[in-house]
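User: I'd like to go through the side-chain contacts in this model. Can you take me through them?

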Amino acid sequence: MAEIAQKAGVSKNTVSLALRNDSRIRMQTRQKIQALAASMGYQKNPLIARLMVQLRQHRVAKYRPTLALVNANRDPAAFETHPTIPVYLEGCRNRAEALGYELDPFWLHDPELNARRFHRILRARNIEGLLIIGLMDQNRLPERFAETWEQFPAVVTGARTRDPALSFACTDHHMLTVRAVERAWELGYRKPALVIDRSIEHLVEGRFSAGYFIALQRLGADGIIPPFNEVEAARKESRLFADWLRAYQPDLILTLYPFVLRWLSSLKLVVPEDIGLILLEHRPQQPWISGMNQHNDVVGASALEMLVAMVQQNQSGIPTFPKATLIGSTWIEGKTAVLQK
């Protein structure tokens with residue numbers, strides 16, 4: 001190692017870190033040292049490597065390792081005020097505590113945060129990886145942080161990103177919707193309909209509607225109702241939902257939004273007597289609503305575990321083959337979808 005350091009013009013510590021692919025050393029320097037070591041016939045002694053790992057494990061830690069918890073939502077207060085993001089957060093924090101990690105929060109859309117400043121803060125605080133949480137309206141991350149995803153291990157929670165394509169943990173949206181439709185069918189509903197905004201469908205690449213259509217086709221439904229995707233527009237112009245409802249007359253609504261109950265009430269429809277409702281993201285604060293528990297706390301914990309594994313294996317950069325962890329959902333009995341007579 002000393003010979004490699006002398007030839008590369010760096011310290012032995014830099015060589016050691018570069019050969020372990022440590023992200024604290026610039027990618028270009030790592031590659032240069034690794035190539036030089038290979039040309040000089042360097043081979044790691046597995047016995048010594050194992051001994052060093054054991055020594056590090058038994059060393060009394062002076063500080064707890066830290067991961068960045070990155071709020072990717074447009075709302076800087078989403079960690080506290082969003083109806084579902086805090087559940088992901090709870091899972092992340094509980095698992096981090098169990099594994100001995102601190103979490104340092106950041107807001108990705110902070111106008112004062114550019115890539116250079118972000119990197120300087122991450123390095124100064126010895127942050128080893130980034131957990132991205134809160135994507136709700138798009139599956140692309142800000143382009144100005146492109147270099148960040150190359151230099152640090154990063155995992156996305158709750159959604160799959162396309163640009164860049166990072167490893168992620170999320171609910172199995174497709175199977176969740178399949179199970180919800182099947183449960184509605186078991187209860188006797190024969191005209192269920194999906195109400196979900198177009199932005200969410202884009203975020204999950206159509207997996208809600210795919211599960212909806214496939215489940216109904218498999219069940220032999222007669223005349224599948226097209227999903228209502230103008231949810232945000234209907235919050236300003238209520239007739240959009242009313243016109244769709246009158247045109248197709250579903251007997252049950254599958255949706256992510258509890259406020260659809262108010263829409264139905266405003267149209268003089270009583271739930272579940274006139275129409276049923278299944279919430280595709282059941283919320284503990286509304287236990288009377290029938291729905292699917294997405295177990296978002298488990299999603300958050302799983303994403304944290306993925307990130308820690310990447311850190312421990314010195315992985316960084318955008319993965320050639322992003323890994324996915326999909327979490328199953330469970331049915332929660334409620335009073336808004338009942339057995340039909």
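User: How many aromatic pairs are there?
Analyst: The count comes to ten aromatic pairs. Rings of Phe, Tyr and Trp (its six-membered ring) pair if their centres lie within 6.5 Å; planes under 30 degrees apart are stacked, over 60 edge-to-face, and the rest tilted. This is a predicted model, where local features need pLDDT of at least 70, side-chain atom pairs count only at pLDDT 80 or more, and totals for chains, interfaces and linings use all residues. Residues are numbered from 1 along each chain as its sequence is written, and side-chain values use heavy atoms, with hydrogens and water left out.

User: What kind of pair do Phe106 and Phe118 make?
Analyst: Edge-to-face, because their planes are at 65 degrees, with the ring centres 5.3 Å apart. Phe106 is in strand S2 (residues 102-107) and Phe118 in helix H7 (residues 115-124), twelve residues apart. Helices (H or I, at least four residues) and strands (E, at least two) are DSSP runs, numbered from the N terminus.

User: Is Phe118 buried or exposed?
Analyst: Buried, at 0% relative accessible area. Phe106 is buried too, at 10%. Buried means under 20% relative accessible area, exposed over 50%, and partly exposed in between (1.4 Å probe, protein chains only).

User: And what about Phe259 and Trp263?
Analyst: That pair is tilted: 5.2 Å centre to centre, with 55 degrees between the planes. Phe259 is buried at 11%, and Trp263 is buried at 14%.

User: Which charged end sits over the ring of Phe259?
Analyst: That of Arg235, 4.2 Å from the ring centre. A charge sits over a ring if NZ of Lys or CZ of Arg is within 6 Å of the ring centre and within 35 degrees of the ring normal.

User: New topic. How many salt bridges does the structure hold?
Analyst: It holds 14. A salt bridge is a side-chain nitrogen of Lys or Arg within 4 Å of a carboxyl oxygen of Asp or Glu.

User: Where do Glu182 and Arg218 lie?
Analyst: Glu182 is in helix H9 (residues 173-186) and Arg218 in helix H11 (residues 207-219), so their pair ties together parts 36 residues apart in sequence. The bridge is 3.8 Å, N to O. Arg218 is exposed, at 59%.

User: Which residues does Arg183 bridge to?
Analyst: Arg183 meets Glu186 at 3.0 Å, N to O, and Glu333, with the closest N and O atoms 3.4 Å apart. Glu333 lies in the segment after strand S11 (330-332), so that pair ties together parts 150 residues apart in sequence.
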